[in-house]
Amino acid sequence: MTTTKRMTLLGALVLMLSACGPEPATTATTTETTTGTDGTTTGPTTSSTTTSPTTTGPGTTTSDTTTSDTTTGGACLEFATTVPPDGEEVPAQFTCGHEAPVCPSNGVAGLFSFEESPEFDDKVSTEDLSRVHCLLEALRDRTAGEVAYELSWPVLGTDEGTLEIAGEFVIARREVVEDFNYEYEEAALVLEPPQVFADCRAQNTASAAWGCLRPYILVDTQQLACVAAPLVCE
């Protein structure tokens with residue numbers, strides 16, 4: 001075989017391999033010419049940046065790209081579980097240690113009563129409106145301490161919790177045991193302005209009070225602002 005034929009076959013083989021393999025790395029080249037203060041010119045300098053392709057599958061070639069996400073502020077102080085505790089109750093996840101009872105119960109079963117689940121029932125009543133008013137006043141005045149409550153509705157279990165008042169926020173905790181289902185939620189929620197609770201108190205009805213207290217008792221982090229970590233107690 002002549003030299004010319006050998007070179008022709010070798011060139012064809014190279015072309016076939018190039019078509020099957022990944023795309024070659026690309027190189028960007030920058031040439032700079034520097035002129036000194038004395039008027040002399042130095043030779044060109046060349047710098048290059050190479051991007052290597054990454055093959056993700058047959059016939060697909062992409063370049064590696066890394067993006068970074070910076071988050072400012074701490075995460076919302078909230079906790080939820082559907083796993084029943086080993087003991088009698090779930091230990092508090094967040095606390096400022098304000099355990100002094102505020103607006104204690106006078107023996108009435110529930111702070112509020114409903115015909116259906118509190119999440120879906122706006123027909124609310126109470127057998128202890130004075131205690132409901134006490135809670136509104138405590139939130140208005142930012143009275144440090146803890147309010148224990150129970151909600152009454154046709155549940156095969158219990159629906160109870162606490163509101164720990166700590167300055168400009170409350171740590172809301174709620175535990176619902178319904179038949180074989182279990183839910184526990186806890187979150188640090190920013191208190192609305194005092195006038196909001198004063199206005200609810202002035203209306204002197206269970207429905208108005210529930211309208212103000214509902215997002216705190218139901219631990220609604222979508223409606224209320226959540227305190228960000230780390231927890232700073234007053």
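This is a predicted model: local features need pLDDT of at least 70, side-chain atom pairs count only at pLDDT 80 or more; totals for chains, interfaces and linings use all residues.
## Disulfide count and pairing

The whole structure holds 4 disulfides. Each such link is a covalent bond between the sulfur atoms of two cysteines. With the bonded cysteines numbered in sequence order, the pairing reads 1-7, 2-8, 3-4, 5-6. Three of these links are described below, among them Cys-76 to Cys-226.

## Cys-76 to Cys-226

Cys-76 and Cys-226 are joined with an S to S distance of 1.8 Å. The angle about the S-S bond is 85°, and the link is right-handed. This pair connects distant parts of the chain, 150 residues apart. Cys-76 sits in the loop between strand 4 (60-63) and strand 5 (78-81). Cys-226 belongs to the segment after helix 4 (206-217).

How accessible is Cys-76? Its relative accessibility is 30%, so Cys-76 counts as partly exposed. Cys-226 has 24% relative accessibility and also counts as partly exposed.

## Cys-103 to Cys-134

In the disulfide of Cys-103 and Cys-134, the sulfur atoms lie 2.0 Å apart. This link is left-handed, with -85° about the S-S bond. Again, distant parts of the chain are linked, here 31 residues apart. Cys-103 is in the loop between strand 5 and strand 6 (112-114). Cys-134 is in helix 2 (residues 129-141).

Is Cys-103 buried or exposed? Cys-103 has a relative accessible area of 6%, so it is buried. Cys-134 is partly exposed, at 29% relative accessibility.

## Cys-200 to Cys-212

Cys-200 and Cys-212 form a disulfide with an S to S distance of 1.6 Å. Cys-200 lies in helix 3 (residues 194-203) and Cys-212 in helix 4, so the bond ties together parts that are 12 residues apart in sequence.

Cys-200 is buried, at 7% relative accessible area. Cys-212 is buried too, at 6%.

## Asp-159

Asp-159 is part of strand 9 (residues 157-166). Which side chain makes a polar contact with the side chain of Asp-159? The partner is Arg-174, at 2.6 Å.

Leaving aside residues up to four places away in sequence, Asp-159 touches Pro-118, Glu-150, Leu-151, Trp-153, Arg-174, Glu-175 and Val-176.

## Nonpolar cores

In soluble globular proteins, nonpolar side chains tend to be buried together. Here, the largest nonpolar core has 35 residues. Phe-112 and Ile-217 have the most contacts inside this core. Strand 6, helix 2, strand 8 (145-152), strand 9, strand 10 (169-178), strand 11 (181-190), helix 3 and helix 4 each give two or more residues to the core. Which element supplies the largest share? Helix 4 does, with 6 residues.

Beyond four places in sequence, Phe-112 touches Val-124, Ser-125, Thr-126, Val-132, Glu-150, Leu-151, Ser-152, Ala-206, Ala-209, Trp-210, Leu-213 and Ile-217. A second, separate core has 8 residues, including Cys-96, Ala-166, Ala-188 and Val-227.

Notes: Residues are numbered from 1 along each chain as its sequence is written. Side-chain values use heavy atoms; hydrogens and water are left out. A disulfide is a pair of cysteine sulfur atoms within 2.5 Å. Helices (H or I, at least four residues) and strands (E, at least two) are DSSP runs, numbered from the N terminus. Buried means under 20% relative accessible area, exposed over 50%, partly exposed in between (1.4 Å probe, protein chains only). A polar contact is a pair of N or O atoms within 3.5 Å; within protein, one must be able to donate a hydrogen and the other to accept it, and residues adjacent in sequence count only if both atoms are side-chain atoms. Contact means heavy atoms within 4.5 Å. A nonpolar core is a set of buried Ala, Val, Leu, Ile, Met, Phe, Trp, Tyr and Cys residues joined through side-chain atoms within 4.5 Å.
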